[in-house]
Amino acid sequence: MPSSLYKYPKQVCSSPSTPKTLEQDMAVYSINFLLLLLPLALSPLCLAFPHGAPFLYPQFYDHSCPKAHQIVQSIVAKAVAKEARMAASLLRLHFHDCFVKGCDASILLDSSQGIVSEKGSIPNRNSIRGFEVIDEIKSALEKECPRTVSCADILALAARDSTVLAGGPFWEVPLGRRDSLGASIQGSNRNIPAPNNTLPTIITKFKLQGLDIVDLVTLLGSHTIGFSRCTSFRQRLYNQTGNGLPDFTLDGGYAARLRAGCPRSGGDQNLFPTDFVSPARFDNFYFKNLLVGKGLLSSDEILFTGSPETRRLVELYAADAGAFFAQFVKSIVKMGNITPLTGSKGEIRYNCRKIN
Ligand code: HEM
């Protein structure tokens with residue numbers, strides 16, 4: 001310990017004592033008492049954010065917009081009742097938002113002067129969806145409590161409500177994110193993993209967001225719901241490594257079925273469930289499928305074949321849906337905490353598609 005730290009208390013204790021009045025004594029006691037209380041008053045914050053995570057908390061709108069949660073939930077429920085896949089699309093929107101400049105609703109911005117929309121990036125083009133549902137939620141919230149609830153928080157709440165509606169776990173969503181003043185198509189192309197990335201590349205892309213291997217395997221469990229286009233996995237069916245052969249980790253019968261709907265050329269937009277057993281149900285069949293070579297994307301199957309560490313987690317979640325759910329709520333809250341704008345940074349947009 002540096003010597004100056006040793007000296008400081010000594011100097012305080014040995015300061016020459018001059019006679020004090022009762023008022024002076026009382027003042028010193030009051031200040032000491034307040035100093036004593038300060039750490040106690042701040043300790044809930046330390047407990048809530050042990051890793052120095054940003055200051056988001058579930059009660060953020062309790063006074064400013066008490067009906068916010070209910071409004072989001074009812075519009076998401078209506079959309080999912082109309083089309084079950086919408087739950088998956090909304091969950092994915094939150095992910096593609098958070099991996100680019102943090103969870104700041106940058107993904108929702110349309111192109112305009114000075115803004116190149118992330119909607120046109122390689123991972124998003126002809127693929128990402130759900131924007132109309134977010135618009136409907138935002139206009140309902142603007143009527144109820146104008147300029148209060150951010151588009152970034154709407155994405156986080158809609159992802160949670162979608163998961164629950166599909167049969168997955170519930171979690172309290174930390175809130176208080178604000179909306180970005182810009183977008184980054186380069187960030188979208190660079191940060192969001194591609195389905196043909198190697199496992200080390202995918203791990204690195206998660207690590208850059210502060211997410212570890214457990215978060216990676218767990219969050220990829222989101223592919224228990226939703227669909228992928230043929231173009232996202234065609235390579236596996238015909239020419240995985242450039243030698244004209246299919247991915248040998250893919251089950252033969254399953255590959256033949258996929259080839260029937262995903263030819264060598266054409267049919268790019270044809271859709272296939274990422275969990276062929278229960279595509280609308282948030283459960284652990286995604287992991288069970290990986291055990292038998294029936295993961296749809298290369299980036300899915302690679303969790304089982306690519307490393308002992310990811311394989312162990314796949315096996316655990318395939319055997320124990322409770323373990324998957326328990327970790328999912330932790331990992332998705334962690335993802336939702338990626339560098340949000342808080343305080344006076346950013347803004348609360350009137351319209352999620354454009355800056356104010
Ligand atoms: C290695 C990481 C990941 C890769 C490579 C990846 C890749 C993909 C691809 C290629 C699709 C199909 C897109 C299409 O063909 O149109 C997809 C769909 C989807 N992804 Fe991921 N993903 C990853 C991680 C995640 C994470 C972390 C989440 C959620 C937290 C997620 C949620 C979803 C969902 C729900 C769908 C279905 C969307 C729909 O049906 O509209 N993905 N993903």
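Student: What makes up the shell around the ligand, by class?
Tutor: It has twelve nonpolar, eight polar and four charged residues. Ala, Val, Leu, Ile, Met, Phe, Trp, Tyr, Cys and Pro count as nonpolar, Asp, Glu, Lys and Arg as charged, and the others, Gly among them, as polar. This is a predicted model, where local features need pLDDT of at least 70 and side-chain atom pairs count only at pLDDT 80 or more, while totals for chains, interfaces and linings use all residues. Residues are numbered from 1 along each chain as its sequence is written.

Student: How do you know where the ligand lies relative to domain 1 and domain 2?
Tutor: Domain 1 (55-192 + 338-356) and domain 2 (211-335) both give residues to the shell, so the ligand lies between them. The domain bounds come from an automatic or database domain assignment.

Student: Why is Asp-97 called buried?
Tutor: A residue is buried if 20 or more other C-beta atoms lie within 10 Å of its own, exposed if 12 or fewer, and partly exposed in between, with C-beta atoms placed from the backbone. Asp-97 has 29 other C-beta atoms within 10 Å, so Asp-97 is buried.

Student: What makes Ser-106 count as buried?
Tutor: Ser-106 has 28 C-beta neighbours inside 10 Å, so the label buried applies.

Student: Which positions does UniProt give for the feature "binding site"?
Tutor: The unreviewed entry places it at Asp-97, Val-100, Gly-102, Asp-104, Ser-106 and Glu-118. They span 22 residues in sequence, yet no two of their C-alpha atoms are more than 13.2 Å apart, so they gather at one spot. UniProt positions are given in the numbering used here, feature names are shortened, and annotations may be inferred rather than shown by experiment.
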